[in-house]
Amino acid sequence: MLRPMFPFRPRPDWPPDPPEMFTGRPVVVPRAQAFKVTSAPQAFIPPSLPQRSLAPPQSRKKPTNQQVSLNKALVGASTQGELVNLIMDRMDPKFANEVNVTTALHRLIKFWTPEGSRGGDARRGEALRKLLRCVVEMIDSFDAQAVSNCCLAMAKIGRLQPELATDSEIILSVVAKRASDPEVLSTLKPQEVANTVWAFATLGVRNLHLMDIMAERAVCPHVLALFNAQDVANCCWAYATIGYSKPDLFDAMAKRAVQPHVLRSFRAQNVANVLWAYATLGIVDADLLAALAGQALEVEVLSSFKPQEMACTLWAYSSLGISQPTVFHALAQRAVEPAFAATFKAQEVAKTVWAFAKQGIAHREVFTVMAQRAIFLATSGQYNAQDVANTVWSFATLGLEHPELLSAMSRRATEPAVLPKFKAQELANVVWAFATLRVVDPGLMRAVAQRAMEPSISQALTAQNIANLCWAFASVGMQDDA
């Protein structure tokens with residue numbers, strides 16, 4: 001049963017402000033002064049991957065009959081074995097072209113399964129290595145489309161098979177040099193720019209030179225005018241993911257996104273990714289934020305929000321300090337749908353309740369539904385230390401009591417697998433929340449005290465953390481344990 005806390009007067013030792021969910025409070029700054037917020041939530045990877053460019057560039061040399069024949073065979077291969085045989089028998093840098101190589105890479109990805117790799121599919125590995133050698137040997141013939149498609153393939157392979165991420169990064173470094181060639185750079189289309197930076201960000205490759213020249217290309221008026229919603233979203237997501245703020249780029253993306261014909265094509269995923277990117281970098285663009293709020297309220301968009309997209313959208317507005325009660329209440333109706341609520345993961349629950357708490361919106365149905373979901377997730381071992389801290393902080397900030405939830409959070413927090421993962425800020429948040437809600441939990445408090453005395457934590461405690469810890473222990477009558 002969820003009920004508001006009874007009002008009580010602050011005592012002299014009452015903390016001046018509740019602790020924040022993150023170690024650093026996101027600050028609203030002008031576009032030109034944007035910076036990376038190191039405490040942003042886990043990077044949001046679009047569930048549907050970018051698509052490779054298929055339109056033939058105007059400058060591409062006419063393929064030979066042998067190259068056309070090989071490409072038809074690659075596209076027509078119906079099994080992995082058939083494709084691998086084609087690559088091993090017919091893929092030769094002397095006769096194949098860049099289209100053959102990138103087509104083979106993407107077709108190989110189509111048949112890719114981690115289980116197949118673990119099962120010892122040596123020939124597929126040989127085929128991949130042969131294709132990567134072809135990329136290196138033929139890189140000087142790669143045009144803009146081939147560069148983009150190769151980057152996209154490498155990122156997908158790195159995601160499908162993490163142990164191959166290093167190989168993918170090596171190839172990306174080779175491709176990056178080709179991308180910086182004026183011959184290639186000057187012909188990159190919006191989708192190719194977006195796919196290229198998406199690939200580098202997906203693998204966590206922070207090639208700032210490449211990101212700089214891609215940004216310069218993107219803001220060229222004749223290129224910017226062709227960006228669609230997906231291109232804007234993937235481009236913004238990529239720069240935010242590696243924590244690289246480019247004011248001119250984000251200013252241009254915002255102006256493009258609010259164009260009526262572009263804005264109308266934004267889906268829930270696009271809305272969430274763009275908002276997440278701007279909030280992660282601490283960039284406030286009032287026109288963009290208002291326009292995306294309006295688009296999120298469109299019936300076909302609102303009804304298609306997934307939990308991760310919803311959580312990121314709510315988190316973005318709250319972390320930037322932008323009040324959007326209409327958006328919050330509309331998404332609240334979606335969040336409380338039983339079938340939908342049952343799909344929330346722990347971080348999505350924590351981010352959602354945190355966002356509502358930051359906005360000061362004590363939506364009873366949302367907090368009731370999220371509490372039940374949090375209890376289930378915590379009980380089944382899916383809540384981590386930060387999720388625990390964020391969730392209890394949110395309920396306490398709004399003065400909402402939920403004994404069953406707090407009990408579940410306490411049990412989870414004191415588990416051997418979770419307690420050592422708590423950071424200084426998170427420990428302070430947890431005990432502050434329990435003390436604020438007047439809940440005395442000696443087992444939890446003692447566990448927190450022991451964790452706080454460990455050198456790695458005690459040395460990281462700020463003055464505010466210490467004040468909140470001491471206040472919390474004193475408030476529940478455990479001064480000696482503090």
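Helices here are DSSP runs of H or I, at least four residues long, numbered from the N terminus. Glu192 sits in one of them, helix α9. The model is predicted. The chain has 28 helices and 2 strands. Of its 482 residues, 56% count as buried. Among contacts between residues at least 6 apart in sequence, 83% join residues at least 24 apart.

**Glu192 in α9**

- Glu192 belongs to helix α9, which spans residues 190–202.
- Glu192 has a relative accessibility of 1% and counts as buried, because buried means under 20% relative accessible area.
- Gln145 lies 47 residues from Glu192 in sequence. In space, their C-alpha atoms are 6.5 Å apart.

**α9 against α12**

- Helix α12 covers residues 229–241. Its axis and that of α9 come within 8 Å.
- The two axes cross at roughly 30°. Angles under 35 degrees count as roughly parallel, so α9 and α12 are roughly parallel to each other.
- The crossing of α9 past α12 is left-handed.
- On the α9 side, the contact residues are Pro190, Gln191, Ala194, Val197, Trp198, Ala201 and Thr202.
- On the α12 side, they are Asp231, Asn234, Cys235, Trp237, Ala238, Tyr239 and Thr241.
- By class, this contact of α9 with α12 holds 9 nonpolar, 4 polar and 1 charged residues.

**α12 against α13**

- Helix α13 runs over residues 247–257. Its axis is 10 Å from that of α12.
- The packing angle of α12 and α13 is about 155°. Angles over 145 degrees count as roughly antiparallel, so α12 is roughly antiparallel to α13.
- The crossing of α12 and α13 is left-handed.
- From α12, Val232, Cys235, Cys236, Tyr239 and Ala240 take part. They meet Leu249, Phe250, Met253, Arg256 and Ala257 of α13.
- The contact of α12 with α13 divides into 9 nonpolar, no polar and 1 charged residues.

**Aromatic pairs**

- A search of the whole structure finds 8 aromatic pairs.
- Phe356 and Phe367 have ring centres 6.4 Å apart and planes at 80°. Planes over 60 degrees apart count as edge-to-face, so this pair is edge-to-face.
- Phe356 lies in helix α21 (residues 346–359) and Phe367 in helix α22 (residues 364–379). The pair therefore ties together parts that are 11 residues apart in sequence.
- Both Phe356 and Phe367 are buried.
- Phe367 also pairs edge-to-face with Phe395. Here the distance is 5.1 Å centre to centre, with 85° between the planes.
- Phe395 is in helix α23 (residues 385–397). Its pair with Phe367 of α22 links distant parts of the chain, 28 residues apart.

**Aromatic cluster and burial**

- Phe328, Phe356, Phe367 and Phe395 form one aromatic cluster.
- Phe367 has a relative accessible area of 0% and is therefore buried.
- Phe395 has a relative accessible area of 1%, so Phe395 is buried as well.

Definitions and conventions. Residues numbered from 1 in each chain as written. Predicted model: local features only at pLDDT ≥ 70, side-chain atom pairs only at ≥ 80, totals over all residues. Heavy atoms only, no water. Axes fitted to C-alpha atoms, helices over the stretch in contact; angles between N-to-C directions. Parallel < 35°, antiparallel > 145°, perpendicular 65-115°, else oblique. Left-handed = near helix turned anticlockwise from the far one by under 90°. Contact = heavy atoms within 4.5 Å. Nonpolar A, V, L, I, M, F, W, Y, C, P; charged D, E, K, R; others polar. Phe/Tyr/Trp six-rings, centres within 6.5 Å; stacked < 30°, edge-to-face > 60°. Buried < 20%, exposed > 50% of the residue type's maximum accessible area, 1.4 Å probe, protein only.
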